[in-house]
Amino acid sequence: MGREREDPKQQQQQQQVPYTVEQLVALNRYNPDILPDLENHVNDQVSSQTYSLDANLCLLRLYQFEPEKTSSQIVARILVKALMAMPAPDFSLCLFLIPERVQMEEQFKTLIVLSHYLETGRFRQFWDEAAKNRHIVEAVPGFEQAIQNYAIHVLSLTYQKVPRTVLAEAINTEGLSLDKFLEHQVATSGWAIEKGSQGRGQLIVLPRNEFNDPILKKNTADSVPLEHITRIFPILG
């Protein structure tokens with residue numbers, strides 16, 4: 001019997017199956033034809049509050065080869081998303097792929113300053129600068145919460161107990177909003193609240209970890225993983 005002919009409609013449907021962004025990046029990493037797809041993906045990340053560093057880096061590399069097609073708006077959104085990923089070094093990775101002439105645009109100079117403030121833990125200056133440039137950072141939903149999470153991460157590496165005023169400055173929240181935030185953290189994250197001595201206000205007790213507690217750090221350093229011990233036994237035998 002001869003081979004059955006494939007239905008032309010079915011064949012057309014198979015040919016029209018869209019590639020995912022991940023497949024496009026894997027198969028056509030240096031193909032400028034995928035630029036529109038990657039730009040649309042950046043906008044999708046903003047609207048859906050997702051994040052794809054690999055796709056964004058791929059787009060920035062393609063902009064290097066096709067500088068006339070560079071979209072400043074898209075680049076700005078990529079950098080804002082990278083800031084939101086701190087403490088990961090994504091912002092520096094992205095900035096490395098952006099030409100210096102582009103970095104000299106005012107919005108990018110602002111984002112670089114914001115990055116510096118975050119890296120050095122200067123949260124008051126960060127929030128003040130961000131407030132002056134709301135049109136840049138508020139274009140990406142979830143920005144404020146992401147930076148607040150980063151600020152809490154930094155505080156938890158340093159403090160076992162942090163004054164309420166220090167926390168309020170770091171996360172740019174005060175009053176009733178801060179009260180509700182603290183109630184949530186006490187209920188879900190193991191925080192506690194103490195009254196400060198000599199009327200100095202509240203102290204926020206953060207969970208202990210190997211970074212803010214010398215004892216835990218020592219125990220972690222002194223412990224030997226079980227897999228290492230099992231490797232020693234045959235040698236001793």
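In this predicted model, the side chains of Arg 134 and Glu 138 form a salt bridge, 3.0 Å from N to O. Arg 134 is partly exposed, at 46% relative accessible area. Glu 138 has 52% and is exposed, because the exposed class starts over 50%.

The salt-bridge count comes to six.

| Salt bridge | N to O distance |
|---|---|
| Arg 134 and Glu 138 | 3.0 Å |
| Arg 124 and Asp 128 | 3.5 Å |
| Arg 164 and Asp 179 | 2.8 Å |

Arg 124 and Asp 128 both sit in helix 9 (residues 123–132). They are four residues apart, so about one helical turn separates them. Arg 124 is partly exposed at 28% relative accessibility. Asp 128 is partly exposed too, at 38%.

The salt bridge of Arg 164 with Asp 179 links distant parts of the chain. Arg 164 belongs to helix 12 (residues 164–171), and Asp 179 to helix 13 (residues 175–188). The two residues are 15 apart in the chain. Asp 179 is partly exposed, with 30% relative accessibility.

Now the helix packing. Helix 3 (residues 35–48) packs on helix 4 (residues 53–65) at about 135 degrees. Their axes lie 10 Å apart. The angle makes helix 3 oblique to helix 4. The crossing is left-handed.

Helix 3 contributes Leu 35, Leu 38, Glu 39, His 41, Val 42 and Gln 45 to the contact. Helix 4 meets them with Ala 55, Asn 56, Cys 58, Leu 59, Leu 62 and Tyr 63. By class, the contact holds eight nonpolar, three polar and one charged residues.

Conventions:
Residues are numbered from 1 along each chain as its sequence is written. This is a predicted model: local features need pLDDT of at least 70, side-chain atom pairs count only at pLDDT 80 or more; totals for chains, interfaces and linings use all residues. Side-chain values use heavy atoms; hydrogens and water are left out. Axes are lines fitted to C-alpha atoms, for helices over the stretch in contact, and angles run from 0 to 180 degrees between N-to-C directions. Angles under 35 degrees count as roughly parallel, over 145 as roughly antiparallel, 65 to 115 as roughly perpendicular and the rest as oblique. A crossing is left-handed if the near helix is turned anticlockwise from the far one by less than a right angle, and right-handed if clockwise. Contact means heavy atoms within 4.5 Å. Ala, Val, Leu, Ile, Met, Phe, Trp, Tyr, Cys and Pro count as nonpolar, Asp, Glu, Lys and Arg as charged, and the others, Gly among them, as polar. A salt bridge is a side-chain nitrogen of Lys or Arg within 4 Å of a carboxyl oxygen of Asp or Glu. Buried means under 20% relative accessible area, exposed over 50%, partly exposed in between (1.4 Å probe, protein chains only).
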